[in-house]
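Hello,

Here is the structure for you to take over. My notes on it follow below.

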Amino acid sequence: MQLFRSLCLPIFLGLFLSLLPASQSRAQEAVVDQEHDLSMRGMIRLVHEKPAQFNTLWTERRRSQERAISPELSTSEHAAALQNVQWQWAAGLINYPYFHQRETGGSVTANWQPKIIAINSIQFNDEASLEQSNFQLLIQAWLHDSAGQRVKQDPALQRGDNRWLRANFSALDTTISSHKVKAHFMSKLLAEHIDDNGAKNVLPQILEAEKNGVSPEQITKFRAAYEQEMQAPKDHVAYTYQNVDGVDLQLHVFPAKGDAKEAPVFIWFHGGSWSTGHWSYCPVVCRALQNRGFVVVQVEYRTSQRFDGTPLNALADAERAIDWTITHSGELQINPKKLMVGGFSSGGALASQMAVLNHTKVSAAAYMSGGFDPSKDTWYNSVVGPLRDTKQLSPLLMVNRNSPPQILFHAKDDEMCAYQDAQSLANKLTALDIPNRLVSFEQGGHFFVFKNPADRQRISTELTSFVDQLKW
C-alpha cells in the first residue's frame, strides 16, 4: 500500500541531514565530523555510552557546533544556525534512552533530567519552523517518546488496532494547540502509517485529521486507501483465523493457477522488524509460486505499531496461521503435506522459526534477507528474553536433521541481517544432508530484491528450480 512514499525507506534509523541553507551547511561542513555530529547518526554512535557520559559528550558537541558557526552570517542566519543546533541537541537527548535500551539492554530512568530539559525546550506551536527538517525530527523524537509512554500507561491504548498511531494523535491533541502544526504532523503520521502498515481501521484518525485541518486532497487519498483496504478482495479470499482484542486478523488466500485439487501451499510472512508491515508486501516469490501451482496464503499478524505486539505475539500468530491452514485444507483445496513457508527480513525469521521449530507441519521454506539468529540481537533478547530462552528460538542454533529443505536469498552486503548467518545455516543444513540452496547476491543490501529487476528474475528462476527438485 505504498501510496505516499518509496517502499524501501529505512525505518526510523535513516541517516538524516540538516535542512540548512547551502551557505550555512558548507560553512559548518568541515567541523561536523564524527566527534561533533549531533545528527541521528551521531547519536547512534554514542548509544553505548552510560547516560551521564552521553549527556556530557552530547553537550560538548552542541557547544562545539555553536562555536563553529561562521561569524560572517547575518544576525538572522546566525540565529537560524543556533536554532538548528538546539533542535538536533534536543532530539538526540530524547531519542537516546530508547536506542540505548534497544542496543544495550540498559535502561534510563523515566525522569532523566537531560531528556526532560530537552522536551521543555520545544516550541510545540512553532508554525514558522514546520518546513525545517531538524524541527520535524525533533517533534518526531518527542512523539515516539510520548506515544511509547501512552501505549504502556493508557488502558484504552492497550486494546484495539493501530495503537501507536492513536497514541501519537493523542499526544498531538493534548500538547499542541496550533491547528496548522497538528494538521502537519497528523497528515505525516497517517501517510507513514498507511505506507508501513496499511489503512485497516484508520477511519477514526482520518476523521480527526480532517477535523484538524488536513488538506482535502490528503483526506481524499487517505479515504481512498481506507476504502481499498476494507472492501472485499476481488482476486483472492480473506479468512479470519483469529480475533485479537476485537480486531480480526486475516489470511489472504490466493488460488493456485490451474485446476489442482490438492495443491501445495505457500504461507508468507511479511517483513518490518516486528514493528511494521502489511500482509500484501511479498516481492516476487508469492506470484512466482502461485504461477507454479501453489495456493498462496499471506498472513496478517500482530506488529508493535498496530498492536504493541512483540516477536512472541508474531510467533504465536504464525503458528496459528499454519494450524488454521492445515485444519481448513479441504476448503482451501491444498495438500497439507506440501506446506512451504517463507518471509522477508523479520518475516524470514518467523518463517525459519516455523521451519525449524515446527518442522512436523512445514515441508519446505524460502527466505529473503532473513534473520536466522535473533538470540544475538540485544533488542530481541531484552523483549523476548525475560519470557523465553532466545537461543531455543534461534533457527541457526536449533536446526536439526528433521528440518525441511530450505532456500535462502541473501545479499553479501546486507547491513541488517548478517550474510554470514545465512552461510552458516546453509552449511549446517548441508552437514545434516538436508537439501538447501544459498542464492547469493554481490550487492544491494538488505532490500536488494526491490532494487534490481535482474535480481528478481533470478529469484523467480532459482525458486522454481528449487521447488521442481522437491518433486511436489
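L207 is a residue of helix α9. In this predicted model, L207 counts as partly exposed because its relative accessible area is 40%, between the limits of 20% and 50%. Its C-alpha atom lies 9.4 Å from that of R223, although 16 residues separate L207 and R223 in sequence.

Both residues belong to a contact between two helices. Two packed helices are described by the angle between their axes and the distance between the axes. For α9 (residues 203-211) and α10 (residues 216-230), the axes come within 10 Å and cross at roughly 170°. Angles over 145 degrees count as roughly antiparallel, so α9 and α10 are roughly antiparallel. On the α9 side, the contact is made by L203, I206, L207, A209 and E210. On the α10 side, I219, F222, R223 and Y226 make the contact. By type, the residues of this contact are 7 nonpolar, no polar and 2 charged.

Next, the sheet. Strands of a sheet pair through backbone hydrogen bonds, either parallel or antiparallel. Here 8 strands form an open sheet with mixed pairing, and their order is β1-β2-β4-β3-β5-β6-β7-β8. β1 and β8 (436-441) are the edge strands, each pairing on one side only. From one strand to the next, the twist averages 20°.

Two of the strand pairs show the two senses of pairing:

- β1 (residues 237-244) and β2 (residues 247-254) are antiparallel and share 7 bridges. T240 has Q250 in β2 as its bridge partner. The two strands form a hairpin with 2 residues between them, and D245 in the turn has a positive phi of about 50°.
- β5 (residues 334-344) and β6 (residues 364-368) are parallel and share 5 bridges. G343 stands opposite Y367 in β6.

Which helices lie across these strands? Helix α13 lies across β1, β2, β3 (263-269), β4 (295-299) and β5, and runs at about 130° to β1. Helix α15 (residues 346-357) lies across β3, β5, β6 and β7 (406-411), at about 145° to β5.

Two loop residues beside the sheet strands have a positive phi without being glycine. The phi of Q333 is near 60°, and Q333 sits in the loop between α14 (329-332) and β5. S369 has a phi of about 50° and sits in the loop between β6 and α16 (378-384). Are these residues buried or exposed, or in between? Q333 is partly exposed, since its relative accessibility is 38%. S369 is buried, because its relative accessibility of 0% is under 20%.

Now the aromatic residues. A pair of aromatic rings is described by the distance of the centres and the angle of the planes. The structure holds 18 aromatic pairs. One of them is Y98 with F99, where the ring centres are 4.9 Å apart and the planes are at 80°. An angle over 60 degrees counts as edge-to-face, so the pair of Y98 and F99 is given that name. Y98 is partly exposed, with a relative accessible area of 31%, whereas F99 is buried at 2% relative accessibility.

Another pair is Y239 with W324, whose ring centres are 5.2 Å apart. Their planes are at 45°, so this pair is tilted. Y239 lies in strand β1 and W324 in helix α13 (residues 311-327), so the pair ties together parts that are 85 residues apart in sequence. Y239 and W324 are both buried.

Last, a residue from another helix. I117 lies in helix α5 (residues 113-120) and is partly exposed, with a relative accessible area of 47%. How far apart are the C-alpha atoms of I117 and D413? They are separated by 40 Å, and the two residues are 296 residues apart along the chain.

Regards

Terms used: Residues are numbered from 1 along each chain as its sequence is written. This is a predicted model: local features need pLDDT of at least 70, side-chain atom pairs count only at pLDDT 80 or more; totals for chains, interfaces and linings use all residues. Side-chain values use heavy atoms; hydrogens and water are left out. Two strands pair if DSSP finds at least two bridges between them. Helices (H or I, at least four residues) and strands (E, at least two) are DSSP runs, numbered from the N terminus. Buried means under 20% relative accessible area, exposed over 50%, partly exposed in between (1.4 Å probe, protein chains only). Axes are lines fitted to C-alpha atoms, for helices over the stretch in contact, and angles run from 0 to 180 degrees between N-to-C directions. Angles under 35 degrees count as roughly parallel, over 145 as roughly antiparallel, 65 to 115 as roughly perpendicular and the rest as oblique. Contact means heavy atoms within 4.5 Å. Ala, Val, Leu, Ile, Met, Phe, Trp, Tyr, Cys and Pro count as nonpolar, Asp, Glu, Lys and Arg as charged, and the others, Gly among them, as polar. Rings of Phe, Tyr and Trp (its six-membered ring) pair if their centres lie within 6.5 Å; planes under 30 degrees apart count as stacked, over 60 as edge-to-face and the rest as tilted.
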